[in-house]
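Keep the viewer open while you read.

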There are 2 protein chains.
Amino acid sequence: MAINLSSTKLLDEKGLLKTNQRKEILNIMSLEDKPLTAKSIYNKLKNRNPHLKLSTVYRNLNIFAEKDIVRKLNIRNDSNENLFELIIKDHHHHLVCMKCGEIKDIKCLLDDYLKEIEDNNNYLIKDHRLTVYGLCEDCK
Amino acid sequence: MAINLSSTKLLDEKGLLKTNQRKEILNIMSLEDKPLTAKSIYNKLKNRNPHLKLSTVYRNLNIFAEKDIVRKLNIRNDSNENLFELIIKDHHHHLVCMKCGEIKDIKCLLDDYLKEIEDNNNYLIKDHRLTVYGLCEDCK
DNA sequence: CTGCCTGCAAATAGTTTGCAAGTTA
DNA sequence: TAACTTGCAAACTATTTGCAGGCAG
């Protein structure tokens with residue numbers, strides 16, 4: 001389910017300069033059906049653009065995160081690298097296989113629960129992240 | 001709600017040598033009502049034991065995590081440091097204030113939802129972590 | 001042309017590791 | 001004493017930053 005994304009339009013909307021590096025980063029992220037690390041994005045792109053630097057990827061991912069184009073997950077991979085995913089309209093969570101590392105998207109059914117938390121704790125709830133860990137069909 | 005913990009008993013049960021450093025780390029963690037970073041544990045302990053090294057804290061937190069004494073959270077603080085908490089019998093989640101950083105424990109009501117995920121995806125679910133972000137009473 | 005962006009190199013910061021000396025049982 | 005743990009210093013790895021040149025608008 002690759003996302004159909006117009007990277008130039010998105011960059012325009014957010015008031016960011018439309019550079020090739022930025023468009024390529026967004027395009028790669030929209031083609032993948034899972035969160036990516038800065039390094040994996042870099043590796044996928046450096047064939048086409050040998051001048052691209054990892055620091056540029058990091059820099060833009062941070063800018064995208066500030067502009068709510070991208071979300072920095074609080075799941076990290078085994079190498080302690082951050083994972084990033086495009087923010088798209090449908091909110092979802094992640095189901096992670098503890099053995100092979102497969103990540104699936106799962107739907108969110110937490111609205112009632114969140115309302116209860118909000119009332120009980122006198123908080124204004126803004127966001128939440130759920131990660132479910134288990135063994136996938138092949139690994140269990 | 002500091003946990004009443006016998007660190008020596010716990011270390012015994014897990015087959016770990018009962019050193020002062022380990023006991024002190026566990027005691028500090030049981031006194032705190034929130035997840036701690038390696039550095040904050042180190043800072044709290046180095047007054048009493050000036051020889052203690054940060055690497056020793058890290059080393060033991062990792063050993064504790066392997067032995068299921070401690071849990072490494074996938075929330076990180078602003079400095080990108082890992083947070084650790086004692087694993088205690090009652091499962092719970094975290095409610096984090098986005099402004100002041102306060103972390104509260106909240107109860108888990110996800111059993112039905114998890115069962116549904118398990119069935120829908122053909123996974124065997126082993127664990128899950130929810131973090132809810134918002135603004136606390138004082139910050140909102 | 002003007003300011004934002006990138007490549008490059010070097011710095012930061014969190015965490016890990018090798019080793020010799022010290023401690024636990 | 002034998003095995004395990006710690007202090008110490010140094011390495012490692014992910015991420016960030018300063019700067020000069022390059023590119024988008």
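## Ground rules

Strands here are DSSP runs of E, at least two residues long, numbered from the N terminus, and two of them pair if DSSP finds at least two bridges between them. Keep in mind that this is a predicted model.

The strands S3 (residues 92-97) of chain A and S4(A) are antiparallel and joined by 5 bridges.

Zoom out and you get an open sheet of 6 strands with mixed pairing, ordered S4(A)-S3(A)-S5(A)-S5(B)-S3(B)-S4(B). S4 (103-107) of chain A and S4 (103-107) of chain B are the edges: each has a single partner strand, so one side of each has no neighbour in the sheet. On average, neighbouring strands are turned by 25° against each other, direction ignored.

## Helices across the sheet

H5 (residues 111-121) of chain A lies across S5 of chain A plus S3, S4 and S5 of chain B, at about 125° to S4(B). H5 (residues 111-121) of chain B touches S3, S4 and S5 of chain A together with S5 of chain B, making about 125° with S4(A).

## Around DNA strand C

What surrounds DNA strand C? There are 23 residues, with A:Thr19, A:Gln21, A:Arg22, A:Thr56 and B:Tyr58 the closest. They split into 5 nonpolar, 11 polar and 7 charged, and H4(B) gives the most, with 5 residues.

Of the DNA strand C atoms within 4 Å of the protein, 77% belong to sugar or phosphate. Phosphate oxygens lie 3.2 Å from a polar side-chain atom of A:Asn60 and 3.3 Å from a side-chain N or O atom of B:Lys18.

Conventions:
Residues numbered from 1 in each chain as written. Chains lettered and ligands numbered in written order. Predicted model: local features only at pLDDT ≥ 70, side-chain atom pairs only at ≥ 80, totals over all residues. Heavy atoms only, no water. Helix = DSSP H or I, 4+ residues; strand = E, 2+ residues; numbered from the N terminus. Axes fitted to C-alpha atoms, helices over the stretch in contact; angles between N-to-C directions. Contact = heavy atoms within 4.5 Å. Near = heavy atom within 4 Å. Polar contact = N/O pair within 3.5 Å; in protein donor to acceptor, adjacent residues only side chain to side chain. Nonpolar A, V, L, I, M, F, W, Y, C, P; charged D, E, K, R; others polar.
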